[in-house]
Amino acid sequence: MTPRGTYTRHVSSVADRLDQVHARVEGAARDAGRDPAEIRVLVATKTQDADAVREAVEAGATLIGENRVQELTVKAPELADLVAAGTLTVHLIGHLQKNKINAALGAASGIQSVDSLALARALSTRCERSGHDLDVMIQVNVSGEASKSGVAADDARQLALEVATLPYLRLTGFMTIGANTADAAVIRAGFSRLRTIRDAVHASGAPGTSEARELSMGMSRDLDLAIAEGATVVRVGTAVFGPRPTPPTSAPITGDPA
């Protein structure tokens with residue numbers, strides 16, 4: 001591990017890229033007639049080590065997202081001081097298996113990938129034991145692609161209403177990954193559908209839905225379309241860190257290609 005405070009070697013490129021992302025977000029927000037302050041940038045740190053995360057924080061990042069619990073737990077101890085100081089918030093944005101809940105809750109304050117009532121109930125039970133609340137989002141597969149995780153769009157509203165009633169969970173909104181296509185109209189339609197789901201749940205007045213305002217959608221390739229459809233969180237990785245290293249063929253890394 002590199003000693004803290006000595007990250008000048010690469011921080012300029014990370015800082016420049018993060019500035020470019022913020023400029024892109026601001027431009028997209030203005031084009032959509034929105035206030036850029038409504039949109040947060042989540043830096044996706046898949047395959048990046050703790051030193052790289054610190055570079056991003058020094059450059060102004062305040063919210064990061066990890067795809068894999070294994071990576072999350074490795075980095076967490078090295079980033080604990082930033083979290084404790086309130087400088088950094090950590091979310092899990094990848095698929096969560098129930099047998100990894102304890103590890104995830106020890107390192108993240110938010111889970112953006114709740115896709116079943118069984119998982120939500122398990123999270124609620126673990127949080128009750130520890131006495132801590134947890135921010136959660138419902139992950140919705142708006143494109144219907146088999147390669148993507150998330151509850152089906154037709155079932156998302158009902159799942160959200162059920163999750164919202166669980167103790168120790170605070171439903172903050174919805175997350176999705178845009179359709180894997182070059183057709184901007186198709187991608188945007190998916191984002192629009194998530195916004196419609198969010199609006200219906202938030203407007204329902206049902207218990208636990210009053211804070212369900214967030215729309216975590218849009219990544220490096222399609223964040224402009226997401227912002228046009230109301231995104232409040234965009235997830236960027238390669239746009240900040242550059243191309244990811246190729247993982248070993250014996251141990252492929254899967255998850256949200258932010």
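Modeller: Buried means under 20% relative accessible area, exposed over 50%, and partly exposed in between (1.4 Å probe, protein chains only). What you have here is a predicted model, where local features need pLDDT of at least 70, side-chain atom pairs count only at pLDDT 80 or more, and totals for chains, interfaces and linings use all residues. Residues are numbered from 1 along each chain as its sequence is written, and side-chain values use heavy atoms, with hydrogens and water left out.

Biologist: OK, how many helices and strands does the protein chain have?

Modeller: I'm going by DSSP runs numbered from the N terminus: helices are H or I, at least four residues, and strands are E, at least two. On that basis the protein chain comes to nine helices and nine strands.

Biologist: How does Thr47 count by relative accessibility?

Modeller: Thr47 sits in the loop between strand S1 (40-44) and helix H2 (50-58). Its phi is positive, about 75 degrees, although it isn't a glycine. Most residues other than glycine have a negative phi. Because its relative accessibility is 25%, Thr47 counts as partly exposed.

Biologist: And what phi does Tyr168 have?

Modeller: Look in the loop between helix H6 (153-163) and strand S7 (169-175) for Tyr168. At 31% relative accessibility, Tyr168 counts as partly exposed. Tyr168 isn't a glycine either, yet its phi is positive, at about 70 degrees.

Biologist: Back to H2: why is it largely enclosed by the rest of the structure, and how many of its residues are buried?

Modeller: The buried residues of H2 are Ala50, Asp51, Ala52, Val53, Arg54, Glu55, Ala56 and Val57. H2 is largely enclosed by the rest of the structure because its buried residues number eight of the nine.

Biologist: Which residues of the largest nonpolar core touch the most other members?

Modeller: A nonpolar core is a set of buried Ala, Val, Leu, Ile, Met, Phe, Trp, Tyr and Cys residues joined through side-chain atoms within 4.5 Å. The largest one has 71 residues, and those touching the most other members are Leu96, Ile138, Val140, Leu169 and Phe174.

Biologist: Last one: what share of the contacts between residues at least 6 apart in sequence join residues at least 24 apart?

Modeller: Contact means heavy atoms within 4.5 Å. Counted that way across the protein chain, for pairs at least 6 apart in sequence, the share joining residues at least 24 apart is 65%.
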